[in-house]
Amino acid sequence: SLLRRCTTAMFAAKKIVKEKDAQPEPFEMDVAQALCDLEANSNDLKAELRELYIVAAKEVDVTGRKAVVIFVPFKLLNVVHKIQSRLVRELEKKFSGKHVVIIGQRRIMRKPSAGQRQPKQKRPRSRTLTAVHEAVLEDLVYPTEIVGKHTRYRLDGSKIIKVYLDPKEAANVEYKVDTFSTVYKKLTGKEVKFEFPVTQA
């Protein structure tokens, strides 16, 4: 019914909080609506989803398919992590098999440039470009653990970061590593290759 649709749309609107009261994009409303539906219909996710909202969502092209990237407030990452595997599975069903990744929204504080007044507070390490990019990497592959990293420089001066993931998780995430690489490049401009180190028997 129209009334039900309107109230659902109102509930969905509460599931997305944009900065400076910006209007959500239609795709962001689709994601908010999907979270709303899950909260209404999924008993084991209901409690966590009640307090969860998103700040942005976008689609990213990954070799012949699209992936869904959802940004949540950094302070809600712990809530997401409690239910992440199940939540991602349910959202992937709703978005007809597109890969879904969830990332915490973090702010990068620029280094004060020469000649600028030094800020009163020292810039926290968690706000540096490097730290934020490392955190994005961890969010992307969560709950899989990163067991090692290695930067390789190519002859042309470009570099690629090799990221080694817990080999015990290979069966669960191997099919998603292209998505991880593409999304990471899109968000940070950095090239990354995911591998599973071979464990010696």
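Start with H2 and H4, which are oblique to each other, because angles under 35 degrees count as roughly parallel, over 145 as roughly antiparallel, 65 to 115 as roughly perpendicular and the rest as oblique. To pick them out, select residues 26-41 for H2 and 77-94 for H4: they pack at about 120 degrees, with axes 11 Å apart. (Axes are lines fitted to C-alpha atoms, for helices over the stretch in contact, and angles run from 0 to 180 degrees between N-to-C directions.) Helices (H or I, at least four residues) and strands (E, at least two) are DSSP runs, numbered from the N terminus.

A quick word on provenance: this is a predicted model, where local features need pLDDT of at least 70 and side-chain atom pairs count only at pLDDT 80 or more, while totals for chains, interfaces and linings use all residues. Residues are numbered from 1 along each chain as its sequence is written, and side-chain values use heavy atoms, with hydrogens and water left out.

H2 brings Ala34, Leu35, Asp37 and Leu38, and H4 brings Leu87, Glu90, Leu91 and Lys94. Sorted by class, that's 5 nonpolar, no polar and 3 charged residues (Ala, Val, Leu, Ile, Met, Phe, Trp, Tyr, Cys and Pro count as nonpolar, Asp, Glu, Lys and Arg as charged, and the others, Gly among them, as polar).

Next stop, the sheet. Select S4, S5 and S6: the 3 strands form an open, mixed sheet in the order S4-S5-S6 (two strands pair if DSSP finds at least two bridges between them). S4 (146-153) and S6 (192-195) are the edge strands, each pairing on one side only. From one strand to the next, the twist averages 20 degrees.

Zoom in on S4 and S5 (residues 159-165), which run antiparallel and are joined by 7 bridges. Look for histidine 150, opposite lysine 162 in S5. Their hairpin has 5 residues between the strands, and there glycine 157 takes a positive phi near 90 degrees.

Which helices lie across these strands?

Last, select arginine 107 and glutamate 19, whose side chains meet in a salt bridge at 2.5 Å, N to O. Arginine 107 sits in the loop between S3 (99-105) and H5, and glutamate 19 in the loop between H1 (2-14) and H2, so the pair ties together parts 88 residues apart in sequence. With a salt bridge taken as a side-chain nitrogen of Lys or Arg within 4 Å of a carboxyl oxygen of Asp or Glu, the count comes to 14.

Notes: Contact means heavy atoms within 4.5 Å.
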